[in-house]
Each structure stands twice: as C-alpha cells, then as structure tokens.
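Here is a friendly walk through one model, meant to be read with the viewer open. Please load the coordinates and follow along.

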Amino acid sequence: EKDKELIRGSWESLGKNKVPHGVVMFSRLFELEPALLNLFHYNTNCSPTQDCLSSPEFLDHVTKVMLVIDAAVSHLDDLHTLEDFLLNLGKKHQAVGVNTQSFAVVGESLLYMLQCSLGHGYTGPLRQAWLNMYTIVVAAMSRGWAK
Ligand code: HEM
C-alpha cells in the first residue's frame with residue numbers, strides 16, 4: 001500500500017548512508033534525553049557529548065540500530081517474521097537498563113532525522129507511515145520486558 005511505498009522510497013537514499021543519518025538521530029536522542037548516554041558504559045567519561053558520538057563503540061551501536069531499521073524496511077510485507085528477533089532485542093535492552101518509555105523519544109529522534117534529511121519530502125503521510133512501522137517494531141521489542 002501507500003505507507004510501504006513512502007517508506008521504501010525514502011529509505012532508498014537514506015539507507016545508503018546509514019551511519020551519518022544514525023548519528024543525526026542519536027545526537028538528537030541524547031539532546032532530548034541525555035541520561036541515556038550513561039547506559040553506554042564505554043561512554044561514561046566523555047564530554048562533550050560530541051566526543052561520545054564519534055567513539056567506535058558508539059558508532060557500532062548506531063550501525064546496529066540502522067541495520068534493524070533496514071531489516072524492518074525490507075520486511076514491510078512480513079514484519080511478523082522479525083517478532084522473535086525483536087523480542088530478544090528488547091530483552092537485551094531491558095538488561096542494559098533501557099526503559100520502554102525511552103522508545104517514544106527514540107521515535108521522535110527518528111522523525112527528526114527523517115525531517116532533516118528529506119526536507120520537503122518529509123510530508124504528513126510519510127511521517128505517519130514511518131511512525132506506524134516504528135510503532136510495530138517498538139511493540140515487538142517491548143514484549144521483551146514482560147515478566
Ligand atoms: C545493543 C543501548 C535503542 C539495536 C545495545 C547495547 C546498549 C544499547 C547499551 C549493548 C552494547 C552495544 O551493543 O553497543 C541502547 C539505548 C537505546 C537503544 C540507550 C535507546 C533508548 C536501540 C534501538 C535499536 C537498537 C531503537 C534498534 C531498533 C541494538 C542492537 C544491539 C544493541 C541490534 C546489539 C544486540 C546484540 O548484542 O545482540 N543497545 N539501545 N538499540 N542495540 Fe540498542
């Protein structure tokens with residue numbers, strides 16, 4: 001449907017430059033919720049924040065996040081096949097101290113990155129399409145917190 005076209009069309013260009021776009025997204029995330037930086041233990045004593053953002057371990061995580069988004073975009077027709085993977089990914093994030101509420105802020109940061117990179121291409125329907133996909137991904141990850 002229309003949502004999938006919008007997502008695939010926009011990811012076609014963004015997906016070629018995953019790391020820089022991921023850095024924009026996470027810079028925004030740490031601006032909105034600086035405490036999240038402490039969950040990355042390899043970054044406990046770097047300041048300013050910008051130094052953390054260029055550490056190899058951090059860029060590694062950014063790359064991992066972008067690859068998960070890439071997988072979701074590739075599986076728009078059968079997102080349910082990622083359920084087990086995402087549930088386990090959620091469990092890992094619970095273990096490192098992430099709170100499910102933070103995923104809302106991650107979502108905002110994702111939209112911010114899309115807006116920055118797409119400019120006029122960032123339309124209401126496109127925003128909604130991404131939000132819908134992100135909500136499915138986060139719902140699956142959040143099941144990892146269930147007791
Ligand atoms: C692993 C933090 C959001 C994907 C990790 C690790 C930390 C972490 C501390 C373990 C160390 C590492 O592998 O670098 C966070 C924080 C987040 C966040 C604070 C924001 C609230 C996300 C999101 C995704 C993601 C949104 C993907 C949609 C991954 C992956 C791994 C990982 C794929 C590797 C898991 C593995 O080792 O199997 N994350 N993360 N993270 N994160 Fe995140």
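Searching the whole structure, which is a predicted model, turns up 7 aromatic pairs. Rings of Phe, Tyr and Trp (its six-membered ring) pair if their centres lie within 6.5 Å; planes under 30 degrees apart count as stacked, over 60 as edge-to-face and the rest as tilted. Two of the pairs are set out here.

| Pair | Geometry | Centre to centre | Between the planes |
|---|---|---|---|
| F30 and F58 | tilted | 5.6 Å | 55° |
| F103 and W145 | edge-to-face | 5.6 Å | 90° |

Because F30 sits in helix α2 and F58 in helix α4, their pair ties together parts that are 28 residues apart in sequence. Helices here are DSSP runs of H or I with at least four residues, numbered from the N terminus. F30 is buried, with a relative accessible area of 4%, and F58 is buried at 0%. Buried means under 20% relative accessible area, exposed over 50%, and partly exposed in between (1.4 Å probe, protein chains only).

The pair of F103 and W145 also links distant parts of the chain: F103 belongs to helix α6 (residues 102–118) and W145 to the segment after α7 (124–142), 42 residues apart. F103 counts as buried at 8% relative accessibility, as does W145 at 13%.

F30 and F58 also belong to one aromatic cluster with F26 and F40. Both F26 and F30 are among the buried residues of α2, a list that also includes H21, V23, M25 and L29. Helix α2 (residues 18–32) has 15 residues and reaches 21 Å from its first C-alpha to its last, close to the 21 Å expected; the expected span is 1.5 Å times one less than the number of residues.

Now to the metal. The iron atom of the ligand is coordinated by H61 (NE2) and H93 (NE2), at 1.9 to 2.0 Å. These two link distant parts of the chain, with H61 in helix α4 (residues 56–74) and H93 in helix α5 (residues 83–95), 32 residues apart. Both H61 and H93 are buried. Donors are N, O and S atoms within 2.8 Å of the metal (3.2 Å for Na, K and Ca). The arrangement is octahedral because the 6 donor atoms around the iron atom subtend angles of 85 to 179°; six donors count as octahedral if opposite donors are over 155 degrees apart and all others between 65 and 115.

Residues are numbered from 1 along each chain as its sequence is written, and side-chain values use heavy atoms, without hydrogens and water. Local features need pLDDT of at least 70 and side-chain atom pairs count only at pLDDT 80 or more, while totals for chains, interfaces and linings use all residues.

Conventions:
Four donors count as tetrahedral if all angles lie between 85 and 135 degrees; four count as square planar and six as octahedral if opposite donors are over 155 degrees apart and all others between 65 and 115; anything else is irregular.
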